[in-house]
Amino acid sequence: MSAVASLREIQERVIDANRSGAPLRLRGAGTKDFYGERLEGELLDLRSHRGVIDYEPSELVITARCGTPLSEIEALLAAHGQFLAFEPPAFAGDPTIGGVIAAGLSGPRRLQVGAARDFVLGAKLVEASGEELSFGGRVMKNVAGFDVSRLLCGSLGFLGIITEVSLKVLPRPRCEQTLVLRLSSQDALAVFNRWGSLPLPISGAAWVEGSAWVRLSGAPPAVRAACQRIGGDSVDEVGAADFWGGLRHCTHRFFDDSTIWRVSVPSNAVLEPGEKLLIDWGGALRWYAGEAMGARARTLASGVGGTAMCWRGQTVQPRFHPLSKTVAQIHRRLKQHFDPRVIFNRGRLVAVETGA
Amino acid sequence: MPPELNPHPAHTAEPPWSDPDRRLSPAAAQAVVEALRTLLPADAVLSSQQELHPYECDGLAAFRRIPLAVALPRTEAEVREVLLTCREHDVPVIARGAGTGLSGGAMPHPCSVVLSLARLNRILDIDPVARTARVQPGVRNLEVSEAAAPYGLYYAPDPSSQLACTIGGNVAENSGGVHCLKYGLTVHNVLGIRAYTIDGERIELGGGALDSPGLDLLALSIGSEGLLLVVTEVLVKLVPRPALARVVMASYDDVGKAGDAVAAIIAAGIIPAGLEMMDRKASVAVEPFVKAGYDLSAAAILLAEADGTPDEVTEEVSEVERVLRAAGATAIAVSSSEQERLRFWSGRKNAFPAAGRVSPDYYCMDGTIPRKNLGHMLKAIEEMEERYGLRCMNVFHAGDGNLHPLILFDANRSGEWERADRFGAEILELCVQLGGTITGEHGVGIEKINSMCVQFSPRERTAFFSIKEAFDPHGLLNPGKAIPTLRRCAEYGKMHIRHGALPHPDLPRF
């Protein structure tokens with residue numbers, strides 16, 4: 001199908017839904033159907049609106065339609081020695097780039113390079129009227145108008161359908177080395193924070209099952225110097241790819257548990273260590289497995305200025321950390337303006353509709 | 001009911017304070033000032049013409065308006081009181097930091113209260129372990145790095161006005177700097193903000209934890225030019241200061257070649273800490289003042305900075321040198337000491353003041369284009385210089401395609417400002433045509449509001465107003481800035497077509 005035809009099809013579905021008020025459930029490859037509060041509405045599969053529109057390695061920007069598979073983008077970038085530095089999770093499948101940005105999730109490298117939203121330069125949005133709007137652009141610096149393209153990152157379809165994105169890409173690090181050290185979780189947090197304040201090229205700092213894993217990425221001399229400073233045992237390339245991939249895609253055996261909480265806190269926050277803990281982002285992300293943590297996660301996280309979401313299992317409502325009253329009100333008003341009949345992904349990001 | 005208290009029209013209508021000529025009755029104006037005086041200490045409310053004068057404009061002096069009053073609160077509670085008072089009296093609020101902005105974002109409305117955050121100037125906390133600083137909005141950008149220096153940390157965004165500009169202003173404008181290709185803009189370095197809505201509601205966005213539920217309202221607020229919220233506290237990320245930095249300076253006999261050299265560095269997989277370019281007109285203007293040792297025979301000079309560990313810097317410098325030579329550099333110099341590095345940079349950093357020395361006035365543009373179009377843009381600017389009868393010197397944040405053409409003019413000569421203004425607008429339109437944007441880092445403010453009509457469709461602009469309304473339903477925060485109304489764009493469009501249809505478009509017009 002041509003891009004014009006696939007876009008028109010999306011627009012027609014939106015116009016129909018907006019007329020009838022019947023909600024639409026937006027979906028790419030469906031790798032993140034588990035993610036969010038709930039799924040509601042008639043399926044709108046966005047995979048046919050696909051294809052890379054523009055990519056010039058020396059501009060450090062790639063522009064693609066929403067349905068483009070992540071694997072296609074990653075292969076294209078890899079052929080030019082570049083990558084999506086925020087390491088979007090693919091889980092067990094091959095998500096679309098639209099889904100990657102709509103969810104806004106980032107992998108272990110976040111502590112060095114930033115999150116998905118930090119790489120969003122522009123986006124197109126089909127809003128409830130069916131019209132396609134364009135925000136941001138294909139350049140590194142752009143402060144014309146509100147930053148709607150970053151707002152769309154992680155919006156889970158709340159404002160409409162992301163039909164196209166422009167992302168900043170980076171050259172692959174020229175050298176990478178992973179080290180592993182036997183440490184307690186408390187000691188790991190202490191060294192992660194200490195190393196974080198030194199000019200070391202740390203691109204991953206995680207702890208699980210009694211071991212701290214540290215990844216260094218950058219120019220060879222910088223990586224060599226950092227390896228000496230940090231110590232521990234070197235991990236070969238296959239072992240490193242396995243471990244960081246397991247964290248990035250949540251395929252590490254830790255994630256086999258039927259209940260998983262994702263707790264985001266300041267990197268130096270002291271929380272109870274627990275048996276079933278996985279630390280990522282140098283301490284800023286703590287995963288808890290098992291039912292023992294339960295809804296206490298939210299109280300604990302709030303106590304240190306953090307947030308907790310129920311990633312899997314347990315019927316906790318809402319699954320995402322609740323919004324403050326003022327923030328919820330702004331969400332309601334945005335929804336009223338952008339999607340007054342609440343046709344897009346009803347209740348998936350935040351259930352504002354009932355109070356609207 | 002007085003007209004000021006009428007219910008707010010739907011967001012597709014003209015926002016109530018977008019009309020710069022709207023006035024309050026003298027009694028209503030007096031009532032606002034008196035209400036502020038009962039809330040704030042005597043020295044925190046300014047209302048005489050003499051006191052108001054310094055607040056009539058920001059760093060863009062071409063646009064001026066005297067406000068109704070200036071409020072200078074010292075505490076967050078006082079900020080809230082000022083907002084509630086303005087809300088109650090239905091008058092606009094213009095938040096202001098140091099007033100160094102270059103797009104007129106802090107230019108008052110004649111009926112507005114300027115809310116200066118300059119006295120909220122305390123660094124509340126530096127956490128060297130979590131690598132964060134919690135600061136009030138009136139803290140100057142450079143102060144944060146100075147306070148973090150004992151821990152080997154600093155705050156990365158470094159706009160050229162960093163000595164004076166405030167963090168609050170940086171948040172409002174999403175300020176960049178010469179190092180943002182590698183270290184990011186304000187949006188990449190602010191972890192959280194605390195702010196107030198026009199209704200006096202406190203709101204916390206982001207924070208010490210990286211995951212935030214709901215929409216990313218933090219990203220939306222950064223760069224929102226004071227239209228959505230008034231920020232009272234900012235949590236910024238601190239990063240380790242690199243052990244060493246060195247700069248490579250290369251000369252080119254052709255600006256196109258210099259542009260290609262920039263692309264070649266990126267293509268080689270190098271992201272320099274800074275990558276700047278200036279044309280001969282700019283280097284000739286700065287050299288007599290700073291004596292940076294620039295090659296005045298070069299059509300363009302490139303500055304590329306490498307930072308990191310000493311070994312890392314040595315390796316990157318030799319790689320950069322190799323790429324720059326291969327791209328046709330006619331001369332290359334590498335800084336051998338910190339003093340020399342600063343000297344190489346001094347010319348680039350003093351380009352704006354130098355423009356002020358060689359010309360009575362200058363007008364600084366701020367478009368961004370895909371890097372590959374740099375040569376095309378420079379040729380077009382040369383042609384515009386002829387056509388408008390004005391000179392233009394060019395400095396670029398070449399690494400990220402952000403251009404700062406400095407149009408030189410004399411405001412005392414009849415018609416020169418108008419020509420400079422049109423020259424600038426034409427550059428911005430070309431930026432949009434080349435796939436770029438009308439502002440990379442200075443903001444839209446009042447200055448580029450007409451150019452917004454070129455970059456965004458009516459429906460996109462309506463979406464912006466919807467966002468504003470979700471935060472500020474009464475339209476009181478910095479009205480008339482950043483987003484042009486439909487009516488304004490219609491008027492600009494008509495004027496535009498008329499100019500376009502003029503016979504002899506190559507003749508200067510006044």
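User: In what order do the five strands of the open sheet in chain B run?

Analyst: First, the ground rules. This is a predicted model, where local features need pLDDT of at least 70, side-chain atom pairs count only at pLDDT 80 or more, and totals for chains, interfaces and linings use all residues. Residues are numbered from 1 along each chain as its sequence is written, while chains are lettered from A and ligands numbered from 1 in the order in which they are written. Strands (E, at least two residues) and helices (H or I, at least four) are DSSP runs, numbered from the N terminus. Two strands pair if DSSP finds at least two bridges between them. Here the order is β5-β6-β10-β8-β9 in chain B, with antiparallel pairing. β5 (123-127) and β9 (202-206) of chain B are the edge strands, each pairing on one side only.

User: How many bridges join β5(B) and β6(B)?

Analyst: Four, in the antiparallel sense; β6(B) covers residues 132-135. B:I123 stands opposite B:V135 in β6(B).

User: Which strands does helix α4 of chain B lie across?

Analyst: Contact means C-beta atoms, placed from the backbone, within 7 Å. Angles run from 0 to 180 degrees between N-to-C directions, with axes fitted to C-alpha atoms, for helices over the stretch in contact. Helix α4 (residues 141-148) lies across β5, β6 and β10 (230-237) of chain B, at about 40° to β5(B).

User: How many residues does each chain bring to the contact?

Analyst: Chain A gives 68 residues and chain B gives 80. On the chain A side, α10(A) supplies the largest share, eight residues.

Conventions:
Contact = placed C-beta atoms within 7 Å.
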